[in-house]
Amino acid sequence: MARNQEKAMSMLSRWYKYQRELHNPGGPEKRPYLATECHSLQEAEKWRLQIIKEIARKVSQIQNAGLGEFRIRDLNDEINKLIREKGHWQDRIVELGGPNYHKIGPKMLDHEGQELPGNRGYKYFGAAKDLPGVRELFEEEPPKPPRKTRGDLMKDIDAYYYGYLDDEDGVLMKLEEEVEKKARHLAIEEWKLKKETGELDKELEEEECKEREEEEKRRKELQEKKDDDNEDTSTDEHTIAPLEVPSQKDVEIELLRKKKMELLLKYASEDLQRTSMNAKTLMGRDLNI
């Protein structure tokens with residue numbers, strides 16, 4: 001019985017093969033490598049549909065995550081390549097006078113893919129979206145917290161912020177008293193221990209020696225300062241005072257005075273000059289002015 005079924009299937013396959021060779025004696029026709037090589041609108045439509053079927057078949061295959069990373073990446077590359085080729089055939093159909101499938105054609109297969117932000121043109125389909133290194137790129141960053149304005153920050157600033165009310169509850173005072181008692185107790189114990197061992201007397205002697213040294217140092221500094229002042233005064237006595245240089249105004253006044261005296265000597269008599277000199281003396285004015 002099984003043998004008869006095998007014979008029937010083989011005969012059916014041969015019949016199908018005969019029909020294909022009858023209608024297409026040259027064998028299966030290959031799709032042109034370039035869309036511009038096709039000059040028939042009907043053939044361009046046929047090749048476009050063939051590409052759509054290949055895309056649909058590969059999109060269904062890539063949904064299987066068990067294919068492995070390398071096979072999934074290859075399938076995703078092939079799908080993107082077919083999508084670009086479909087676009088070339090649709091452009092060729094428009095050139096041959098056919099409909100514009102970019103506007104009216106179905107885009108369900110294209111919408112299944114997802115593009116990375118900033119990488120336009122290449123899409124990821126099915127299990128390719130979950131590949132290592134791709135999943136992280138599709139994860140959206142959490143929104144940044146809203147930035148607080150100066151008014152929002154000032155709402156939380158009060159007297160407690162500046163520490164003005166730290167002593168109101170009394171907690172800080174109690175803590176300070178406890179720390180102060182501990183410090184005082186430790187200081188007393190340390191003083192008693194030094195007194196018993198004799199270290200206290202040594203410290204007092206050392207402090208007295210330091211005070212004497214400082215006092216002697218201050219005396220020397222004062223004496224040196226006095227000596228320096230005496231040297232400065234002695235050098236000042238032997239130094240020559242700088243000459244006073246007259247200003248421009250003084251020069252003009254002197255020239256004017258000489259001019260007046262020349263005119264007075266030239267045009268005034270001796271009695272008039274004597275009277276003028278006596279008047280200036282009585283008025284308290286300088287004769288040189």
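The accessible surface of the protein chain comes to about 25,100 Å², and carbon and sulfur atoms account for 55% of that area; the areas follow the Shrake-Rupley method with a 1.4 Å probe, and for residues only the protein chains shown count as cover. Of the 289 residues, 16% count as buried, where buried means under 20% relative accessible area, exposed means over 50%, and partly exposed lies in between (1.4 Å probe, protein chains only). This is a predicted model, in which local features need pLDDT of at least 70 and side-chain atom pairs count only at pLDDT 80 or more, while totals for chains, interfaces and linings use all residues. Residues are numbered from 1 along each chain as its sequence is written, and side-chain values use heavy atoms, with hydrogens and water left out.

**Confidence**

- The chain averages a pLDDT of 77, and 76% of the residues score at least 70; pLDDT is the predictor's confidence in each residue, from 0 to 100.
- Among the elements, helix 3 has the highest mean pLDDT (90), and helix 5 (residues 108-112) has the lowest (60).
- Over residues 285-289 pLDDT stays under 50, and the model has seven contacts beyond four places in sequence for this segment; contact means heavy atoms within 4.5 Å.

**Overall fold**

- The protein chain has twelve helices and two strands, taken as DSSP runs numbered from the N terminus (helices: H or I, at least four residues; strands: E, at least two).
- Read from the N terminus, the order of elements is α-α-α-α-α-β-β-α-α-α-α-α-α-α.
- Among contacts between residues at least 6 apart in sequence, 54% join residues at least 24 apart.

- The 21 residues of helix 2 (residues 41-61) should span 30 Å at 1.5 Å a residue, and the end C-alpha atoms are 31 Å apart, which agrees; the expected span is 1.5 Å times one less than the number of residues.
- Buried residues of helix 2 include Trp-47, Arg-48, Ile-51 and Ile-55, and also Glu-45, Glu-54 and Lys-58.
- Leu-49 in helix 2 counts as partly exposed at 45% relative accessibility.
- Gly-97 follows helix 3 and has a positive phi, near 95 degrees.
- Helix 9 (residues 171-197) also has 27 residues, and it reaches 40 Å from its first C-alpha to its last, close to the expected 39 Å.
- After helix 9 comes Gly-198, with a positive phi near 85 degrees.

**Surroundings of Asn-76**

- Asn-76 lies in helix 3 (residues 69-95) and is buried, with a relative accessible area of 1%.
- Its side chain makes a polar contact with the side chain of Tyr-122 at 3.1 Å; a polar contact is a pair of N or O atoms within 3.5 Å, where within protein one must be able to donate a hydrogen and the other to accept it, and residues adjacent in sequence count only if both atoms are side-chain atoms.
- The Asn-76 side chain also reaches the backbone oxygen of Lys-123 at 3.0 Å.
- Leaving aside residues up to four places away in sequence, Asn-76 touches Ile-62, Tyr-122, Lys-123, Tyr-124, Phe-125 and Ala-128.

**Aromatic pair**

- The structure holds one aromatic pair.
- The rings of Tyr-122 and Tyr-124 have their centres 5.2 Å apart and their planes at 75 degrees, so the pair is edge-to-face.
- Rings of Phe, Tyr and Trp (its six-membered ring) pair if their centres lie within 6.5 Å; planes under 30 degrees apart count as stacked, over 60 as edge-to-face and the rest as tilted.
- Tyr-122 is partly exposed at 23% relative accessible area, whereas Tyr-124 is buried at 13%.
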